[in-house]
Amino acid sequence: MAPVADVPYSRSDYIYDRAFLTDADAVSEYVSNVVTTMNSKNFLSCVKHFPGYGNNSNTHTGTSVDERSWESFEERDLLPFKAAVEADAPFVMVSHNIINDFDEGVPASLSVKLHDYIREEMGYNGIIVCDGLGMSGVRDYVDGDKGEVAVQAVLGGNDMLCATDVGVQLRAIAAAVEEGRIELSQIEDSITRILMTKIKYGLIEADTNSSYSTDSASSTTAE
């Protein structure tokens, strides 16, 4: 779960102790170097916490509402994440911060609009994972419903979840698929991204004799 790509403003900011520097260009260079080096050593990096904490509060303990303009994100916070995408980062983690100027009232981790931005505007085809589902910043949004928060995270566009109540959450997601709330095709798309990443990093081998092959998986991803 590294590198941290957040760009705090000062030492007093919550994320400062976990961040690299307060300069977006320097953080971008750092992130690019870390992702590139990890890739060369066959380590899977996870760049976090999209779209950037900045000077916001701790979502482990409560709701964090970011009132900055989206333009300020594009000029500052998003630069390290764009560097990560260019460096071919296999994972991007999305935070629970609510970015009111982009998707009012909705935690980033559950925002369809924000996940679409990652895919369409940033051209990212890797795995998107949400921050921990036990954190107050997201659980408060769904009134503490352990199952529903996982369903909302899938509906938001995450391929993988940092699940905290795995049994409850897995059953809730399965039920949502059976009920038609979650399209099976979405689950299959996420599985394809995960399998392709495992193949790329040598965690599994593609069985070219089966109906699932590297070529067919690439085609599915492209579609």
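In the predicted model, the largest nonpolar core has 27 residues. Within this core, Val47 and Phe50 have the most contacts. Two or more residues are given to the core by each of H1, E1, helix H2 (70-86), strand E3 (91-94) and helix H3 (112-121). The largest share, six residues, comes from H2. A second, separate core of 14 residues was also found, and Val149, Ala150, Ala176 and Ile182 are among its members. In soluble globular proteins, nonpolar side chains tend to be buried together.

Between Tyr30 and Ser57 the separation is 27 residues in sequence, and their C-alpha atoms are 24 Å apart in space.

Two cis peptide bonds are described here. One of them joins Ala2 to Pro3, with omega near 10 degrees. Pro3 is placed in the segment before H1. The other runs from Lys48 to His49, with omega near 5 degrees. His49 belongs to strand E1 (residues 46-50).

Asn42 is not a glycine, yet it has a positive phi of about 65 degrees. This residue is found in the loop between H1 and E1. With a relative accessible area of 43%, Asn42 is partly exposed. Asp143, likewise not a glycine, has a positive phi of about 55 degrees. The position of Asp143 is in the loop between helix H4 (136-139) and helix H5 (146-156). Asp143 counts as exposed because its relative accessibility is 74%, and the cut-off for exposed is over 50%.

The cysteines were considered last. A disulfide is a covalent bond between the sulfur atoms of two cysteines. A search of the whole structure finds zero disulfides. Cys46 is in no disulfide, and the nearest cysteine sulfur, that of Cys162, is 7.3 Å away. Cys46 counts as buried because its relative accessibility is 3%. For Cys130, the closest cysteine sulfur is again in Cys162, at 5.6 Å. This distance is too far for a bond, because the two sulfur atoms of a disulfide must be within 2.5 Å. Cys130 is buried as well, with a relative accessible area of 0%.

Key:
Residues are numbered from 1 along each chain as its sequence is written. This is a predicted model: local features need pLDDT of at least 70, side-chain atom pairs count only at pLDDT 80 or more; totals for chains, interfaces and linings use all residues. Side-chain values use heavy atoms; hydrogens and water are left out. Helices (H or I, at least four residues) and strands (E, at least two) are DSSP runs, numbered from the N terminus. Buried means under 20% relative accessible area, exposed over 50%, partly exposed in between (1.4 Å probe, protein chains only). A nonpolar core is a set of buried Ala, Val, Leu, Ile, Met, Phe, Trp, Tyr and Cys residues joined through side-chain atoms within 4.5 Å.
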